[in-house]
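Hi,

Here is the structure I said I'd pass on. Have a look, and my notes follow below.

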Amino acid sequence: MKKFLNLLILTLLSLATFAQGESGTNDFFKSNLKIYVVVAVLTIILGCIFAFLFSIERRLKKLEEK
């Protein structure tokens with residue numbers, strides 16, 4: 001019964017988010033082409049994080065082999 005109640009509450013909360021409507025920020029980013037800048041910056045940041053984690057993993061493997 002508790003799982004069903006939780007599922008019902010989460011479903012109702014997710015439906016409430018659709019009632020908010022369209023926000024103006026989405027149009028603002030598209031009209032000024034700033035969305036591409038945001039995507040590019042996020043891609044660079046995530047690429048750097050993955051490269052850093054990959055280098056740490058290689059170093060750990062070398063230390064484990066010794």
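Arg58, Arg59, Lys62 and Lys66 together form a positive surface patch. For charges, a patch joins like ones within 9 Å, using residues with over 30% relative accessible area and no salt bridge, a salt bridge being a side-chain nitrogen of Lys or Arg within 4 Å of a carboxyl oxygen of Asp or Glu. Lys and Arg count as positive, Asp and Glu as negative, with His and the chain ends not counted; the charge is placed at NZ of Lys, CZ of Arg, CG of Asp or CD of Glu. Lys66 sits in the segment after α3 (34-65) and is exposed, at 82% relative accessible area (exposed is over 50%, buried under 20%, partly exposed in between; 1.4 Å probe, protein chains only).

Keep in mind that this is a predicted model: local features need pLDDT of at least 70 and side-chain atom pairs count only at pLDDT 80 or more, while totals for chains, interfaces and linings use all residues. Residues are numbered from 1 along each chain as its sequence is written, and side-chain values use heavy atoms, leaving out hydrogens and water.

There's a nonpolar patch too, about 770 Å², made by Val37, Val41, Ile45, Leu46, Ile49, Phe50, Phe52 and Leu53; here nonpolar side chains (Val, Leu, Ile, Met, Phe, Trp, Tyr) are joined within 5 Å. Leu53 belongs to helix α3 and is partly exposed, at 47%.

Overall, the pattern is α-α-α, with three helices and zero strands (DSSP runs: H or I, at least four residues, for helices; E, at least two, for strands; numbered from the N terminus). Buried residues are 0% of the 66. The protein exposes about 6600 Å², 71% of it from carbon and sulfur atoms (Shrake-Rupley, 1.4 Å probe; for residues, only the protein chains shown count as cover).

On confidence, pLDDT (the predictor's, per residue, 0 to 100) averages 80. Confidence is lowest in α2 (residues 24-31), mean 66, and highest in α3, at 93.

Cheers
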